[in-house]
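The following note collects points for a colleague who is reading the model alongside its sequence. Please consider them in order.

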Amino acid sequence: MTFQPTKHVPSGFIAFVFIQSLFFKFSGSYETEHIFGTLAQWSGFPWFGVFGGYMIGFAELFAAILLFTKLHGVGAVMSTGIMTGAIFFHLFTPLGIQMPEFNAMGEVVGNDGGLLFGMACLVWLSGAFLSIRDYTNHDGFLHQLLNKAA
């Protein structure tokens, strides 16, 4: 496999963001409890507060792995879809753009200044770029999948 900057740099960025966030999603951190608890209360689905972090974490892990396989176009579409949800929930629910930061005791000590939202936007742009790149490449999985009938 030859290094292709327009493919591997955005893929590496997405994978980095997704993988580093797994610690928070899988450890039941205060940040994860706040995010998914807020969404559970807003949506009326109490189970989302308990299982939402795990569900999104597994989806992000799967997408990150796919980005480095022949199915990288699927990973790119998944990344864009996951981040579409994140951006929507930041903008149109009580979650908001700035997330609280917690100390080891679970007390709010500030906010992230919109960093999490900004990262979601950058991952969305990277995923959209990779999706379009794979679709417009005649050897790309998305191109082959979506143009089979043609």
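Which residues form a nonpolar patch on the surface? The points below begin with that matter, after a word on the basis of the values. This is a predicted model, in which local features need pLDDT of at least 70 and side-chain atom pairs count only at pLDDT 80 or more, while totals for chains, interfaces and linings use all residues. Residues are numbered from 1 along each chain as its sequence is written, and side-chain values use heavy atoms, with hydrogens and water left out.

1. The surface patch. Phe-45, Trp-47, Val-50, Phe-51, Tyr-54, Met-55 and Phe-58 form the nonpolar patch, and together they have about 740 Å² of accessible area. Areas come from the Shrake-Rupley method with a 1.4 Å probe, and for residues only the protein chains shown count as cover. A patch is made of residues with over 30% relative accessible area and no salt bridge; nonpolar side chains (Val, Leu, Ile, Met, Phe, Trp, Tyr) are joined within 5 Å, and like charges within 9 Å. Val-50, one of the patch residues, is found in helix α3 (residues 46–66). Val-50 counts as exposed because its relative accessibility is 51%; exposed means over 50% relative accessible area, buried under 20%, and partly exposed in between (1.4 Å probe, protein chains only).

2. Overall layout. The protein chain has six helices and two strands, and from the N terminus on its elements run α-α-α-α-β-β-α-α. Helices (H or I, at least four residues) and strands (E, at least two) are DSSP runs, numbered from the N terminus. The C-alpha atoms fill a box of roughly 55 × 30 × 25 Å along the principal axes. Of the 150 residues, 38% count as buried. The chain exposes about 8,600 Å², of which carbon and sulfur atoms supply 72%.

3. Helix α2. The 14 residues of helix α2 (residues 30–43) should span 20 Å at 1.5 Å a residue, and the end C-alpha atoms are 20 Å apart, which agrees; the expected span is 1.5 Å times one less than the number of residues. Thr-32, Ile-35, Phe-36, Thr-38, Leu-39 and Ala-40 are buried in α2. Their cover includes α1 (5–27), α3, α4 (72–92) and α5 (115–136).

4. The salt bridge. A search of the whole structure finds one salt bridge, defined as a side-chain nitrogen of Lys or Arg within 4 Å of a carboxyl oxygen of Asp or Glu. The side chains of Lys-25 and Glu-60 meet in a salt bridge at 3.1 Å, N to O. This pair links distant parts of the chain, with Lys-25 in helix α1 and Glu-60 in helix α3, 35 residues apart. Both Lys-25 and Glu-60 are buried; Glu-60 has a relative accessible area of 4%. Leaving aside neighbours within four places in sequence, Glu-60 is in contact (heavy atoms within 4.5 Å) with Phe-18, Ser-21, Lys-25, Ile-82 and Met-83.

5. Pro-100 stands opposite Asn-111 in β2. Five residues lie between β1 and β2 in this hairpin, and Gly-106 in the turn has a positive phi of about 85 degrees.

6. Gly-81. Gly-81 lies in helix α4 and, at 42% relative accessibility, counts as partly exposed. The C-alpha atoms of Gly-81 and Ala-128 are separated by 9.2 Å, although these residues are 47 apart along the chain.

Terms used
Two strands pair if DSSP finds at least two bridges between them.
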